[in-house]
Structure formats: C-alpha cells, structure tokens
Amino acid sequence: MGVTSDNAEARAAEYARGVERELSDLPTGLRNSLVADLAAHLSEVNAGGVPLIDELASPAEYAAELRSTIDVPQPRRASRDRKIMASALICLFAVALIALLVHSATGSSSQVPQPVPTSTAQAVITPDLAGFTVKSASLELQGVGLILGTVTEVRSDNVPDGKVFASTPKAGTKVSAGTAVGVVVSSGP
Amino acid sequence: MDSGQLLKGVLPTLVLAAVDGGNEYGYKILQSLRTAGMPQIGDASVYGTLQRLFADRLLSSRIDSGSLGPARKCYTLTAQGQGALKSGRESWLAFSGAITHALQEDSTWE
C-alpha cells in the first residue's frame with residue numbers, strides 16, 4: 001500500500017484538474033474557492049482511510065454535486081460553450097503565467113488569496129455579485145481575497161428571491177484585501 | 001422522496017456538529033456522517049459544505065503537517081460557527097418534530 005501513496009496523490013491532482021475544467025464557466029473567485037484545496041482534500045481523505053480515489057465517479061459528476069451543494073447553476077450547454085471557455089481559460093492561464101513570472105521576478109512570494117487579511121494588504125477590485133446566491137457570493141468573495149459582510153434582505157418585484165442585486169462597496173471598487181463586502185439580496189415580491 | 005434533497009438543507013448543521021463533536025479532519029467528517037446513517041453521502045457535498053462554511057467564517061482551519069502521509073487540514077468552529085450550530089440544531093429539532101407529528105398516520109388535520 002505504501003508504494004501507492006505518491007500515485008494516489010498524482011491521481012488526486014489529476015482528478016482535481018478534471019473538476020476544475022468542469023467548473024470553467026464559473027467566475028474566477030468562486031472557482032478558486034472551490035478547487036484551491038481540492039487535490040489536497042482528496043489525497044487527505046484517501047490517506048485517512050476512505051478509499052476515495054477508487055470510489056469517485058467522473059469529475060463531471062463531482063462538479064455537478066459541488067454545484068448543487070453551494071447553489072450554483074449547472075452549466076447550460078456543453079460543446080460550443082466549452083470550446084469558448086477552453087480558449088478563455090488558456091488566455092487566462094497565459095496571463096496568470098505572465099503575472100506569476102513578473103511577480104517572481106520582483107522577488108515577492110504570492111499565495112492563494114485568503115479571507116484573513118494579510119499584513120501587506122493588496123488592492124482587490126470588488127466583483128460583480130449580481131445574480132449570485134448568498135452562498136456562492138461568499139465563496140466568490142473569498143476566492144478574490146475578500147469576505148462577506150452584512151446581508152440585507154430587500155423586497156423586489158424584479159429580482160428573483162434569494163438573488164443578490166447590489167453590494168457595498170459596489171462592484172468594481174478598489175479595496176484592500178480582507179475587506180468585508182455587504183450584499184443586498186431579494187426576498188421576493 | 002430523494003433523500004439528497006432533504007439532506008441538503010441540514011448538511012451545514014450536520015458538518016458543524018461533526019466538527020464540534022471532535023471530527024476535525026475532512027476524512028473524519030465524511031466517515032462520521034456516513035456511519036451516522038448517511039452512507040450515501042458524497043465527498044463533493046461534504047467538501048463543498050466545508051469550503052462554504054469556511055468562506056462564511058463559521059469554520060477556521062489550520063494545516064497539520066504530520067510526519068506520516070499528506071498534510072491534513074484541521075477545522076475548528078469559530079464563535080460564529082458555535083452560534084450557527086446552536087440555531088441550526090434548534091430549528092431542525094423544532095421542524096423535524098412538527099413534520100414527524102404531521103406525518104403520523106393517526107394525526108388529525110384540523
């Protein structure tokens with residue numbers, strides 16, 4: 001069994017990449033929150049005695065269960081959207097790679113954004129949370145290095161029950177990492 | 001009825017209760033829920049719930065870099081998490097009591 005642990009970790013990492021591909025339509029922060037820990041989680045659970053790597057269904061099914069758990073809609077259409085998303089992802093990856101190279105060239109080390117404010121507070125642009133549920137807004141905010149602040153319920157004839165339609169500070173505002181962003185959510189008509 | 005749908009609403013409370021009961025690692029949380037009468041529960045449901053509770057600051061985490069095996073993430077309830085567990089527990093007990101009563105075959109609807 002001991003020999004297989006590296007193999008299990010490699011399979012967990014590959015599986016996590018598969019799940020990430022299935023979530024490629026999600027906003028960056030939300031996707032980051034969902035997949036940042038996934039490979040570590042899978043190999044940890046596997047090593048803990050649940051034979052997870054062998055019991056898991058396809059990455060697509062895992063992604064679907066994940067979406068349902070955190071109230072994120074299932075993807076609408078597969079093939080054409082997926083091609084667009086794939087090329088968008090490649091562009092994003094290229095940008096990230098360049099950013100990483102530039103960043104490492106300047107000598108500072110960077111970590112995945114944490115909800116806990118770091119001592120060197122980086123500037124973050126608040127995301128557009130319109131249409132998110134509170135659950136998914138919280139994960140999106142965490143993924144970009146912010147936290148969810150006060151949730152205010154307001155009656156609305158136009159916005160579906162449970163959907164966010166405004167935030168404070170509003171979308172596109174430059175704030176420091178770790179800032180709490182309040183949301184206004186519809187409680188229906 | 002699909003028990004997955006029934007489970008969805010209480011899963012955050014169940015995960016908080018599992019962590020509060022001393023199951024502080026991901027695999028222990030999954031195992032404890034499965035042995036507590038939810039053998040079908042999927043890892044994605046538990047993992048997704050953990051991520052969400054963490055983002056909502058109901059759970060905090062630290063990494064235990066053990067000498068054997070991979071590093072493990074250790075979860076603890078925050079003060080906010082303790083509050084959410086208490087209210088989640090209370091509302092489930094009230095709700096399930098009412099439903100059980102209403103669904104009893106000899107219950108009267110008047």
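**Close-up views of the chain A–chain B interface**

**View 1. Salt bridges across the interface of chain B and chain A.** In this predicted model, the rule finds 2 salt bridges across the interface of chain B and chain A. One of the salt bridges joins the side chains of B:Lys8 and A:Asp71, with a distance of 3.1 Å from N to O.

**View 2. Polar contacts and the elements of chain B that touch chain A.** Across the interface of chain B and chain A, the rule finds 12 residue pairs in polar contact, with both residues of each pair at pLDDT 80 or more. The elements of chain B that give two or more residues to the side touching chain A are helix H2 (26-35), helix H3 (43-55) and strand E2 (72-77). H3(B) gives the most to this side of chain B, with 10 residues. Sorted by class, the side of chain B that touches chain A has 9 nonpolar, 8 charged and 7 polar residues.

**View 3. Extent of the interface between chain B and chain A.** On the side of chain B, 24 residues are in contact with 35 residues of chain A. Between them, chain B and chain A bury about 2400 Å², and 55% of this area lies on carbon and sulfur atoms.

**View 4. Confidence of the predicted model.** The model scores ipTM 0.86 and pTM 0.75, while chain B averages a pLDDT of 89, with 92% of its residues scoring at least 70. Where pLDDT is low, the predicted coordinates should not be read in detail.

Technical notes. Residues numbered from 1 in each chain as written. Chains lettered and ligands numbered in written order. Heavy atoms only, no water. Contact = heavy atoms within 4.5 Å. Buried area = accessible area lost by both parts, 1.4 Å probe. Salt bridge = Lys/Arg side-chain N within 4 Å of Asp/Glu carboxyl O. Polar contact = N/O pair within 3.5 Å; in protein donor to acceptor, adjacent residues only side chain to side chain. Helix = DSSP H or I, 4+ residues; strand = E, 2+ residues; numbered from the N terminus. Nonpolar A, V, L, I, M, F, W, Y, C, P; charged D, E, K, R; others polar. pLDDT = per-residue confidence, 0-100.
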